Every structure is written in C-alpha cells, then in structure tokens.
Amino acid sequence: MPTAFRGATPYCYANSLAMVLDPDAPPPSAIEVLTGSPFGAQIEGGLPYFDPLGWNPDLGLDQAIGLLGWTCHRTTGGTAAEAVGRLREATGRGPVLVGPVDVGLLLHQPWSNGTANGGDHWVTVLDVDDRTVLFHDPAGFPFATLPIDAFVEAWQEQLPYCAGPFTMRSDFRRTEQVDVSTALRRSLPAALGWLTGQGSRVGRPLKDGGAAAVERLADDVQAGLADRTLSHLTEFAVRVGTRRLADASLWLAEIGQMRASEIAERQARLLGNAQYGLVVGDTRSAASALRQLAAGYDELGAALM
C-alpha cells in the first residue's frame, strides 16, 4: 500500500463537504478522488492545473455527492439580498457548503489584500445573523466571521470556468447507503472519461488537456515562465496536484486497482519532484519530470480501462 500523505493541502471543497456531511463523511482524501480531480491536467485561463480538461470543482462536487449516495439543494444567482436570505434560511436547517468565493476578498485571512484575484475557495457556513456570517474556513480558520457585506463581495465574484455568483448547497440528505469503497469503484468509468477527454463538457481543444498540456508546460518551463505562472505552480498547482495523485494511488490500492495505483504513485512522485526545480530555477530537471509525467497519463488510462 502507498504511504498516505498527512498535512496541509488546499483541499477546500473536499474539506468543506466533509464538514457538511459529518459524521457520515468519508475522509477528504477519498472525496477528492471521487470528484475526478486527479485524472488529468489542463491549461485554463492561461494557467496550468493538474486536473482534467473541462473539469472544475463545481462539477467535481456534484460527481462526488452523487457517488456517495447523497443529494442536496443547489442554488445560484439572484440578487445579493436574495442570496443572503437563502443562506440565512438554509443555515437554520444545517451547515451549508458555499462556493466559489474569491479568496482574495476573504478579509479574515491575514494575507488577503482585499482585491479579487480569481482564486476560488469553498467554506462551510454555520450561521447568518443580522450583521455577520459565521463559517468554518478549511484554510485554517474555524468559526471565522465576516460582516455580511464583506462575505457577499467575495461570494458574488464571477470566477471563470466555474459556478456563477452566490452558489451554495444545502439540505443534504442521503438517498442510498454507499460505503466509500463502492463509491470509488463506481467512480472508475468517470475517471477514465476524464483521462481520455470524454468527460469534458466544454468544446476546448484537446491540446489544452492531458499529456499535450503538460508537454507544453514542460517546454514553457525550459524557456522561462512568467512570474504569475511560476507563482501559481509553486504556491498552489504542483502541491495540490501531487496530493491528488497521491490520494488516487492510496484509494485505488484500497479497491484492488494495484496497477493503476502504482502508476498514480509514480505520477505523484514525478510531479512532487518538479517542485524543487521550479523553486530554485533548475528548469531542466523540472521540465524533465513534467515530460515523464505527461507520458504517464495514457498508462493510467490503460490501467483503468
């Protein structure tokens, strides 16, 4: 069995969903795999992400919730006053999964500068009174609070390639008793679809996804990355992508998919290895690791087929 990673990772939507489903939630690492996020890579909005072409966390949450045998009430859009009213009413019945919110506008976080930056984030809202929103922020802030207007500002931002403003999920109820191993087995066709590009719901060119996208990234790394792209990779994309692959390896082994587990672990090691080269400027080693990573996606798909 692979050695499980334990530690800080930006798994905001998986942790938020686990908080909402508690005490019946599987580990966030399993939720992350059920969303389909480990099974591919893409260039989106000019930035590289180690998740499948056309995938986004909103789609992934729907997939994981259904696979686990749950349903919920998902709402989006409307005016700020309507959204706050829905949220206040829903928290009277239980915790609410809210997101995306723009992480740059979450003013309780000391590193926020109060400027929208397009970084999507998810939180678990517990209560809304006349002035304040109370929530658990999986970035490390339990029982965080924001004035309603400040929370709304973060919540109403239009984040590209994801859900619209004021999206929330409430009133979770179980429709089927599904253990995590069964959910994971049922997720394999979707995982294969993401790896092959058949799971994508957007008409974007295949060169923006999978091995082709990672090969392009390797070329860009060797040529020299823009500061924005390099920061995105070293501060977020590589570490979350590596954790996703490591968790895929762990849970694939749990359900007996040993060949796929071995490939996912090798993929995780390759991507994790790229972090040092990117940080210290060893572009040759980072590009080499990424090219090997690109070649492994077809192998992972073949193992799941």
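## A covered helix

The buried residues of helix α5 are covered by a set of elements that includes α4 (80–91), β4 (96–102), β5 (120–128), β6 (132–137), β7 (141–147) and β8 (168–174). This is a predicted model, so please read every value below as computed from it.

How much of α5 is hidden? Helix α5 spans residues 148–155 and is mostly covered, with six of its eight residues buried. The buried ones are Ile148, Ala150, Phe151, Val152, Ala154 and Trp155.

## Two partners for α10

Let's turn to helix packing. Two packed helices are described by the angle between their axes and the distance between the axes. Helix α6 (residues 180–196) packs against helix α10 (residues 283–304) at about 150°, and their axes are 9 Å apart. That angle makes α6 roughly antiparallel to α10, since the cut-off for this class is over 145 degrees. The crossing of α6 and α10 is left-handed. On the α6 side, the contact is made by Leu188, Ala191, Leu192 and Leu195, and on the α10 side by Tyr297, Leu300, Gly301 and Leu304. Sorted by class, the residues of this contact are seven nonpolar, one polar and no charged. An α-helix has 3.6 residues a turn, so residues three or four places apart point the same way.

Which way does helix α7 run relative to α10? The axes of α7 (residues 210–223) and α10 come within 8 Å and cross at roughly 175°, and the two helices are therefore roughly antiparallel to each other. From α7, the contact takes in Gly210, Ala211, Val214, Glu215, Leu217, Ala218, Asp219, Val221 and Gln222. These meet Thr283, Arg284, Ala286, Ala287, Leu290, Arg291, Leu293, Ala294 and Tyr297 of α10. The contact of α7 with α10 holds 11 nonpolar, three polar and four charged residues. Tyr297 of α10 is among the residues that touch α6 and also among those that meet α7.

## Cysteines without a bond

How many disulfides does the structure hold? There are zero. A disulfide is a covalent bond between the sulfur atoms of two cysteines. For Cys72, the closest cysteine sulfur belongs to Cys162 and is 14 Å away, which is too far for a bond; the cut-off used here is 2.5 Å. Cys162 is in no disulfide either, as its nearest cysteine sulfur, that of Cys12, is 9.6 Å away. Cys72 has a relative accessible area of 23% and is partly exposed.

## Backbone details to check

Two cis peptide bonds are worth a look. One runs from Asp22 to Pro23, with omega near 10°, and Pro23 is found in the loop between α1 and α2 (28–34). Another runs from Gly99 to Pro100, again with omega near 10°. Pro100 has its place in strand β4, one of the elements that cover the buried residues of α5.

Positive phi values turn up too. Phe143 is not a glycine, yet its phi is about 50°. Phe143 sits in strand β7 and is exposed, with a relative accessible area of 56%. Asp171, in strand β8, has a positive phi near 55° and is likewise a residue other than glycine. At 32% relative accessibility, Asp171 counts as partly exposed.

## The start of the chain

Ala4 lies in the segment before α1 (12–21) and counts as partly exposed at 31% relative accessibility. The C-alpha atoms of Ala4 and Ser29 are separated by 9.5 Å, with the two residues 25 apart along the chain.

Note on methods: Residues numbered from 1 in each chain as written. Predicted model: local features only at pLDDT ≥ 70, side-chain atom pairs only at ≥ 80, totals over all residues. Heavy atoms only, no water. Axes fitted to C-alpha atoms, helices over the stretch in contact; angles between N-to-C directions. Helix = DSSP H or I, 4+ residues; strand = E, 2+ residues; numbered from the N terminus. Parallel < 35°, antiparallel > 145°, perpendicular 65-115°, else oblique. Left-handed = near helix turned anticlockwise from the far one by under 90°. Contact = heavy atoms within 4.5 Å. Nonpolar A, V, L, I, M, F, W, Y, C, P; charged D, E, K, R; others polar. Buried < 20%, exposed > 50% of the residue type's maximum accessible area, 1.4 Å probe, protein only.
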